[in-house]
Amino acid sequence: MTRFVLRRLLQSVVVLLGVTLVVFLLLQLVPGDPVRVALGTRFDQQTYDALRERSGLDQPLVAQYASYVGHALTGDLGVSFRSGQPVTTIVLERLPATLSLAVTAVLLALLVAFPLGVLSAVRSGSALDHAARVFSQFGVSVPDFWMGIMGILLFAGVLGWLPPSGYVALTEDPAGWASHVLLPAGAVGLVTASILTRFIRSSVLEVLSEDYVRTAEAKGLRSRIVVVRHVLRNALIPVVTVVAVQLASLIGGVIVIEVLFAWPGVGRLTYDAVQARDYPVLQGAVLFVAALFLLMNLLVDVLYARLDPRIGVR
Amino acid sequence: MSGHPDGTLRRALSALRHDPPAVAGTAVLLLLLVVGVAGRWLAPDGVNDVDVDGILRPPSLDHLFGTDELGRDVLSRVLVAARVSLEVGLVSVGIALLVGVTVGLLAGWYRGWVDNVLMRGMDVLFAFPVLLLAVAIVAVLGPGLLTAMVAIGVVYTPIFARVTRAGVLSVREQVFVRAAVSIGASDARIIRRHVLPNIAAPLIVQTSLSLAFAILSEAALSFLGLGIQPPDPAWGRMLYDGRGFVTEAWWLGVFPGAAIFLTVLAFNLVGDALRDVLDPRQLTVGEARRSRR
Amino acid sequence: MRERTDRPTRPGRAGATDRHEPAGPDIAEPVLAIEDLTVTIGTRRGPARAVAGVDWSVRAGQTLALVGESGSGKSLTVLAATGLAPRTARVTGRVRLLGEELTALPEPRRRRLRGRHVGFVFQDPMTSLNPVLTVGRQVTEACEEHLGMTRRQARERAVELLDLVGIPSPRQRVDAYPHQFSGGMRQRVVIAMALSCEPDLLIADEPTTALDVTTQAQIVELIADLRRRLGTAVVWITHDLGVVAGVADTVAVMYGGRIVEQGPVDAVFDAPSHPYTRALLAARPGPGVRDGDLPAIQGSPPSPLDLPAGCAFWPRCPVRGDARCEHELPPLVPVAPGHRVRTFYPLSEDA
């Protein structure tokens, strides 16, 4: 068990190093001088020199990378070309908004996907199963931002129940937060729900065909007990990992929804950084999200090992 | 002894005929192809023709999909934009396929350090959420059609590399490949004659499904203004431009989005049907992790 | 095409078959009796008639062996009788468990009867145990369900049962997971599980096929011994005639979903009358016969989707009587008391 965790940890560190390299090289891909591009018409020599020095751009490439990683390790991701604020502070400020949106979306998705996925597997071939498959095919194919626009059209326009966009912090006004989060989280959650429904269905179906489920049925257990004790315990182990990974990818993947709903999260920050050519902020946001993504994957694998008694001994 | 790619494809196509969703998907794709090629001539108006008196007109006989905030015909713009989506989808998946299969072949065939270096590189690309990485790449290269294609291609490369590598690893241990090696056939020949035909099935499935995701990614990029630049129309961009008017002019939100949805759905239906025929595995954790975002 | 006119004679009265102590006074009612059982499975390529018109019964303390190649319908017969057939299967016929007509019962009642009175040992002990539950929990969860035991009582019972089936230091092992056991030990766990509610009937579906040879003998001996001690009726499903000779009182040979020969084990072994039975017996490894020398039966068993009109064995039959065999289904007729054969050309002993 410990060895398994250590090996995964080591792998993650190697991949994370690669991630920092990619993020670092992003800046090198900018055609021309990134600082000059970023400053654009606001160019003045003093700011330019200061930014170049602060970003380490006047040093050789290898030294630049070493210092980038070194600083990143201490939590220093550079400063914004625009505001001069530390990138880490800027990203962390935006994190709560994104987290609250992503977590709400995943919870909404689970609310739908769990019963739908399990029931459609247990009653495979039924009308419910067909409906579930149509639903998941719909959700996997629909762009979430289009669902967002349709949500605005219906719930903000026609019905007038919910605000079309905007953000209120959960800590300030929970009710206001809830009314604002429902549309974006619903749009994202619909897509997530369809992915999870599909996965839960196939995972439960797979376990249902296992010999030990027949053994449990042979014992004359009630079908509810067979499903809960024998099927779900096994089927949900992989599902846990997929849920966690979906959550992780939402944290970095709700850019479009955040832009559509004026939701001031990490995605919106990324978009603004792109628009403003504020490369350090872009790099910082991408690196932060990728690191979070890796960490979540690592935690998921460790969790997986804890949930499945077979893995621990390998 | 080894499956021939023609055989694989023929088997797939004949099976698709008996699957109603796949037939529907194929029909939509054929229609799209026609629209993609001939959209400019099918469109009733020019994409940038402005009807000054007719700003935000609801659908009518003059403008079946209504007009937008500048008085342009929405139907014409939706038809012409089909080409952009298909082009970006095909080219970017083409890039991903080419690079991914090459990487996967090298890694799976030569193993050892080649495998290690290449696949760790793929792991790194895999560590980013899809859209975030695409946005970052386009942001530094500068927005536009070509960079969008490259960015989406890069993002979908690792999945092809993994599928290929897994296929190569299982094929290379089989008797007919070991026999070919033992009689001294060249690597290139063995790969072409024995390995590629045997990994064709999963690659065909992955290609079809990736086209769906690539078109979604293109729509997202162009929604963010990072795809093809105005005044050329793109479905995602049309949604972005129309988002502020949508409560008064529903047609600005409905039609371009429906176009994206139908295109992606068609690729998914065909891809799922192909998977059932060619590669009937259960959905794996890895796929579900990667299936969308 | 129903041959219920010739009911099976009670094997208990055949004398010669009753080699073991009966489990009590001669109860007229068998533990499990099935009559005219037919199973049709809906498949993509149409309905497949996997079992047709099967009759047999088994009484307390006795062992019935169901013999046949894979696909002959021997497992499905038992699964369908106890309500465990796949959902796409349509089952008709009569099944009496301890005198109760199962087919007339609603599923919950049938489920309770099955769990309380029937124990199952399946083929592969590596897959028939749930990997994420401790063996103790799995061995006695049926006791909680059917005998109203508490968790604590069930745990004590699990220790007892593991001891009964010969698992060393059961008190420690009760909390272990299946992957911590060897194949043979797992099959012992499965047997303990099957016996947990002191069932009247034990179904052993190829319980030794997945095990290595030494372990096979131990498991056969264990089940035979438990049957003697507990007086349980046993239905032993197998393709291994060597095992049948050692443990069974009566035997039913199945081919293409039908019984082709059934009777007391001695009668069937001494005077096999169906060409298929004879071929099976000839293919049995014995002392002095090396594996490679076994005469295999030419051809393969028929697909249940595509059964011949007449005798299902006709295409492979070495006798091949006449056109009647090809076009007309032979009835199951007695050749000796309790010994019945489905063929137009029963073989005589010296054939």
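This short talk covers some strand pairing in chain C and the contact between chains C and A.

The model is predicted, so to speak plainly about limits: local features need pLDDT of at least 70, side-chain atom pairs count only at pLDDT 80 or more, and totals for chains, interfaces and linings use all residues. Residues are numbered from 1 along each chain as its sequence is written, while chains are lettered from A and ligands numbered from 1 in the order in which they are written.

I start inside chain C. Strands here are DSSP runs of E, at least two residues, and helices are runs of H or I, at least four residues, each numbered from the N terminus. Two strands pair if DSSP finds at least two bridges between them.

β1(C) has another antiparallel partner, β4(C), residues 89-97, with eight bridges. There, C:I34 stands opposite C:V95.

Now the contact with chain A. Residues are in contact if their C-beta atoms, placed from the backbone, lie within 7 Å. Chain C puts in 21 residues and chain A 16 residues. On the chain C side, α2 (107-117) and α3 (135-146) each supply at least two residues. Which element gives the most? That is α2(C), with five residues.

By type, the chain C side has eight nonpolar, six polar and seven charged residues. Nonpolar means Ala, Val, Leu, Ile, Met, Phe, Trp, Tyr, Cys and Pro; charged means Asp, Glu, Lys and Arg; the others, Gly among them, are polar.

Definitions and conventions:
Contact = placed C-beta atoms within 7 Å.
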